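Visitor: I would like to learn how to read a model like this one, feature by feature. Could you walk me through it?

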Amino acid sequence: MALTPHSSTSFINITETKGIKTPDDFLGMVSFALTKPSCRLMITKSSMQEAHLSHERVIGNEEREKLHVLTTTHSNINSSTKVPVFVMLPLDTITMGGNLNKPRAMHVSLMALKSAGVEGVMVDAWWGLVEKDGPLKYNWEGYAELVKMCKEHGLKLQVVMSFHQCGGNVGDSCSIPLPPWVLEDIGKNPDLVYTDRSGRRNPEYISLGCDMLPVLKGRTPIQVYTDYMRSFRERFSHYLGDVIVEIQVGLGPCGELRYPSYPESNGTWRFPGIGEFQNYDKYMRASLAASANAAGKDDWGQGGPHDSGQYNQFPEDTGFFQRDGTWNSEYGKFFLEWYSGKLLEHGDRILGAAESIYQGTGAKLSGKVAGIHWHYNTRSHAAAELTAGYYNTRDTNGYLPISRMFGKHRVVFNFTCMEMRDGEQPQSANCSPEGLVRQVKKATRTSEVELAGENALERYDEGAYSQVLATSRSDSGNALSAFTFLRMNKRLFEPENWQNLGQFVKSMSEGGRNARRPECDSSRTDLYVGFIKKTHSMKVKEIALV
């Protein structure tokens with residue numbers, strides 16, 4: 001999640017909006033530099049000529065995929081051809097004071113998005129903002145103003161129950177910590193948060209090890225999350241299923257169902273490091289010891305693997321993750337089953353609570369899973385997936401149990417890296433975002449679970465859009481039921497980027513039938529989510545409202 005340093009760049013620059021009442025009024029006021037005065041905000045094909053870029057396939061994809069083939073006779077879950085497109089709003093949409101940030105600029109920006117044909121927008125409902133003033137003291141007023149504004153413009157809204165802090169992840173440049181009263185409890189008991197083998201504490205999210213313990217002012221974390229979601233339902237009951245069409249339930253760091261195994265804060269982790277296991281707080285250690293005792297292997301419960309390396313190592317540098325390493329031993333299988341199983345239990349608890357609260361409201365539920373594509377082509381998939389809690393190896397499908405758990409609660413499986421190609425990644429990192437997406441599509445199809453997608457990188461080029469269009473179809477598994485674009489900011493409204501978005505939305509509305517491979521990309525990924533490297537310079541044209 002990326003936030004621009006100055007919040008004004010998150011929206012269209014405005015000089016005067018008092019006279020704007022309709023999308024047509026807005027369009028009549030928009031002009032691009034170097035175009036005729038009569039030019040309106042129309043979707044046109046870019047005339048920019050680009051150099052041809054060839055992409056090599058990563059060796060071993062086909063061989064690896066054969067070991068994950070999921071035969072199925074189920075029909076396509078997404079039977080409609082239209083794939084609605086949503087756009088993520090800026091991280092600072094709601095201020096630290098709980099108010100809607102720059103409402104006039106938001107009004108104009110939403111009007112523009114509506115004119116482009118998008119279905120709606122997504123916003124984070126930050127726990128650290130809403131319940132900031134004390135336990136059970138909720139402030140939804142800024143979100144209420146946004147909901148009304150979306151209704152006014154005919155836009156739908158996806159709301160994320162964000163129980164994690166903002167800051168410390170890929171692309172994060174703003175800080176919204178957990179509620180002060182929660183941080184107070186963490187200060188008294190540091191084991192409330194995830195801890196690695198070296199004793200580093202990660203304050204981004206409450207450790208799942210204490211899910212069912214009354215450690216937050218007398219309530220369990222699951223009770224706290226449940227009360228928060230119930231408060232949202234009560235406050236917005238008249239909008240659920242109408243304007244608010246989806247509730248994405250936060251399940252971990254970045255809102256994703258995973259452990260914080262690759263934290264970027266303070267340079268702890270760098271791509272494509274293998275990451276580290278996060279099971280060293282006292283609650284996780286007690287759970288591991290109990291499981292080891294039940295298995296008759298008390299010595300297995302003393303902590304995590306001793307040979308799993310450090311955050312920035314490669315798999316072959318470790319005893320655990322190397323080709324025939326400890327991960328494939330009896331102990332390794334025991335530990336990975338316990339570690340991933342705890343994550344599944346955590347998701348099951350929260351999603352079960354969400355289902356009981358929102359059933360019958362008409363709003364869909366969704367959960368987000370991280371697209372960890374580096375080291376995907378190694379036998380162990382290294383710590384990249386395993387330390388995050390996804391027990392996905394050459395012999396074990398880590399995404400099928402998650403899909404089935406989501407299906408149990410009728411939850412949409414939201415997945416990232418839909419825009420990424422294998423050929424854009426460094427060969428040394430053994431990446432395969434395309435292979436990973438195919439595996440997830442097959443898993444969700446087998447489980448009869450809806451699949452939705454997001455782009456992991458902030459990209460606006462035709463190549464990224466083309467890849468999303470291709471993955472949105474059901475050729476290799478489940479088709480997408482919706483797509484959420486990262487993110488609304490000033491760059492999105494630059495003329496060429498805006499034109500590309502409009503053409504993309506139109507193509508998605510036609511079921512991806514206009515998907516094509518452009519002669520080249522105007523942007524290429526470099527290593528990992530959150531970093532964009534331009535392959536050529538672009539002349540920037542400013543949007544001006546006159």
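Predicted model: local features only at pLDDT ≥ 70, side-chain atom pairs only at ≥ 80, totals over all residues.

Visitor: What comes after H9, and what is its phi?

Guide: Gly360 follows H9, with a positive phi near 85 degrees.

Visitor: How many helices and strands does the chain have, and what share of its residues is buried?

Guide: The chain has 14 helices and 14 strands. Of its 546 residues, 60% are buried. As for contacts between residues at least 6 apart in sequence, 79% of them link residues at least 24 apart.

Visitor: How should I think about a nonpolar core?

Guide: In soluble globular proteins, nonpolar side chains tend to be buried together. Here the largest nonpolar core has 140 residues, and Trp127, Ile247 and Phe406 have the most contacts inside it. Helix H9 (residues 330-358) contributes the most to this core, with 13 residues.

Visitor: Which residues does Ile247 touch, leaving out those up to four places away in sequence?

Guide: Among them are Val159, Met161, Phe232 and Leu240, together with Tyr358, Ala363 and Leu365. Ile247 also touches Lys364 and Ser366.

Visitor: And how do I describe two helices that pack together?

Guide: Two packed helices are described by the angle between their axes and the distance between the axes. For helix H3 (residues 103-115) and helix H5 (residues 141-153), the angle is about 35 degrees and the axes are 10 Å apart. H3 passes H5 in a right-handed crossing. On the H3 side, the contact is made by Pro103, Met106, His107, Leu110, Met111 and Lys114, while H5 supplies Glu145, Leu146, Met149, Cys150, Glu152 and His153. Sorted by class, this contact has seven nonpolar, two polar and three charged residues.

Visitor: Why do residues three or four places apart on a helix point the same way?

Guide: An α-helix has 3.6 residues a turn, so residues with that spacing point the same way.

Visitor: Now a loop residue: is Gly371 buried or exposed?

Guide: Gly371 lies in the loop between strand S8 (364-369) and helix H10 (382-386). Gly371 counts as buried because its relative accessibility is 9%, and the cut-off for buried is under 20%. Beyond its neighbours within four places in sequence, Gly371 is in contact with Phe415, Thr416, Cys417 and Leu436. From Gly371 to Asn414 is 43 residues in sequence, and their C-alpha atoms are 10.0 Å apart in space.

Notes: Residues numbered from 1 in each chain as written. Heavy atoms only, no water. Axes fitted to C-alpha atoms, helices over the stretch in contact; angles between N-to-C directions. Helix = DSSP H or I, 4+ residues; strand = E, 2+ residues; numbered from the N terminus. Left-handed = near helix turned anticlockwise from the far one by under 90°. Contact = heavy atoms within 4.5 Å. Nonpolar A, V, L, I, M, F, W, Y, C, P; charged D, E, K, R; others polar. Buried < 20%, exposed > 50% of the residue type's maximum accessible area, 1.4 Å probe, protein only. Core = buried A, V, L, I, M, F, W, Y, C linked by side-chain atoms within 4.5 Å.
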